[in-house]
Amino acid sequence: MPKAKETILEINLTSLEENYHYLKSKLSEETKFMGVVKAFGYGSDSVEIAKNLVELGVNYLAVAYVKEGVVLRDAGIETPILVLHPQPANFSTLIDRCLEPSLYSPNVFKQFINVASEKNQVNYPVHLKFNTGLNRLGFWENDVDFIELKLKESNTIKVASIFSHLAASEDKNEKDFTISQIHNFKILTASLINKIGYSPLLHICNTSGILNYPEAHFDMVRSGIGLYGFGNSEVENKNFQPIATLKSIISQIHQIEKGESVGYNRAYISSSFQNTATIPIGHADGISRAYGNGIGWVTIQGRKAPIIGNVCMDMIMVNITEIDCKEGDEVIIFGALSTAEKLSASIHSISYELITSVSQRIKRVFHRN
Ligand SMILES: *Cc1c(COP(=O)(O)O)cnc(C)c1O
């Protein structure tokens, strides 16, 4: 890749492909694959990622909200798309754009049937989400009779899949809890299938579920973070490649005397003669203020330069006293070596939060090896 000339988020599509093949290698041949591209493809670019995943052969795509699904349809993507958390206000648009809703409560279930029947739909594909312990979204086991009754009343909708979500699939200390979630899922799906008389697809695993619970792959898995290059453990991270590298440049270098301050509120006071570099990326771009004052860092000429003072909206300042560099030089905020996982851990966050926070004003640049 040529050196960055401004702040860019570089996306390596070869790495995406390799991450996908690694995940696929964990699955039996019949297991279907749902590529999760919510939140702008985990901050990268949902359309570009979705198009590549479709080419690679994913069976399904997933987004969180209807608006995200509409963007994919507008881009000409025709693959089935599950909307994980649709709002009833958008059900009409969802149907118009052939998106498939997750229905997770008696309330949204009834509202969806009403909208779909007004639009004269027959066997419209829906996905029933059950709560097995995350206690976030989902029907409870005792909603099964209500669902059966409603499904027998009309043929407006048809259940394409039944699914649930694991609360701690990456945490080996919670293995017993995860196994109980999987067990409850088996029981409730068996009961529901028995009542409705046909067998929708079953799925419960996210990325860490795929890696840690091979016995729970069922008919389909839903992977997000693995595709983007993180395995949620030191061992598994080695099998993935982060697809995104956030790069910037040095806008200006200053020499400051001992005792001088840097940035807003004079939060940094220099303890000696120092060189500082100003970088055009700030908290409006996803670099939280929590990274300020020596917590976070960037990499310049292969060396760590700590962020000094407060993170500004559009800029950060870093200490480059020990680094041989000049204005215009490339700066890596995170990438394959200094990863988003390591940087986010410095503020007690996770890779998911940092990569999805990269602002939309930063240009995305795609490449292959
Ligand atoms: C986001 C999400 C996923 C993807 O999880 P990863 O840990 O990124 O693989 C899967 N299922 C549901 C319901 C989700 O909300």
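1. Let's start with Cys-312. In this predicted model, Cys-312 counts as buried, because its relative accessibility is 10%, and the cut-off for buried is under 20%. Cys-325 is buried as well, with a relative accessible area of 16%.

2. A disulfide would need the two sulfur atoms within 2.5 Å. Seen from the other end, Cys-325 is in no disulfide either, its nearest cysteine sulfur being that of Cys-312. A search of the whole structure gives zero disulfides.

3. Next, have a look at helix 4, which covers residues 66-74. Its buried residues are Val-66, Glu-68, Gly-69, Val-70, Leu-72 and Arg-73. What do they pack against? Their partners are helix 2 (38-42), helix 3 (46-56), strand 3 (60-63), strand 4 (81-83) and helix 5 (91-96). After helix 4 comes Gly-76, with a positive phi near 90°.

4. Two packed helices are described by the angle between their axes and the distance between the axes. Here the axes of helix 6 (residues 106-118) and helix 7 (residues 144-153) cross at roughly 5° and come within 11 Å. Helix 6 is therefore roughly parallel to helix 7, since angles under 35 degrees count as such.

5. Which residues meet where these helices touch? Helix 6 contributes Pro-106, Phe-109, Lys-110 and Ile-113, while helix 7 contributes Phe-146, Ile-147, Lys-150 and Leu-151. Sorted by class, this contact of helix 6 with helix 7 has six nonpolar residues, two charged ones and no polar ones. As a reminder when you turn the model, an α-helix has 3.6 residues a turn, so residues three or four places apart point the same way.

6. Finally, a word on His-165, which lies in the loop between strand 7 (157-163) and helix 8 (175-196).

7. Setting aside neighbours within four places in sequence, His-165 is in contact with Lys-129, Phe-130, Thr-132, Leu-134, Arg-136, Gln-181, Ile-204, Asn-206 and Arg-222. With Arg-222 there is a polar contact, side chain to side chain, at 3.1 Å. As for Asn-59, this residue is 106 residues from His-165 in sequence, and their C-alpha atoms are 19 Å apart.

Methods
Residues are numbered from 1 along each chain as its sequence is written. This is a predicted model: local features need pLDDT of at least 70, side-chain atom pairs count only at pLDDT 80 or more; totals for chains, interfaces and linings use all residues. Side-chain values use heavy atoms; hydrogens and water are left out. Buried means under 20% relative accessible area, exposed over 50%, partly exposed in between (1.4 Å probe, protein chains only). Helices (H or I, at least four residues) and strands (E, at least two) are DSSP runs, numbered from the N terminus. Contact means heavy atoms within 4.5 Å. Axes are lines fitted to C-alpha atoms, for helices over the stretch in contact, and angles run from 0 to 180 degrees between N-to-C directions. Angles under 35 degrees count as roughly parallel, over 145 as roughly antiparallel, 65 to 115 as roughly perpendicular and the rest as oblique. Ala, Val, Leu, Ile, Met, Phe, Trp, Tyr, Cys and Pro count as nonpolar, Asp, Glu, Lys and Arg as charged, and the others, Gly among them, as polar. A polar contact is a pair of N or O atoms within 3.5 Å; within protein, one must be able to donate a hydrogen and the other to accept it, and residues adjacent in sequence count only if both atoms are side-chain atoms.
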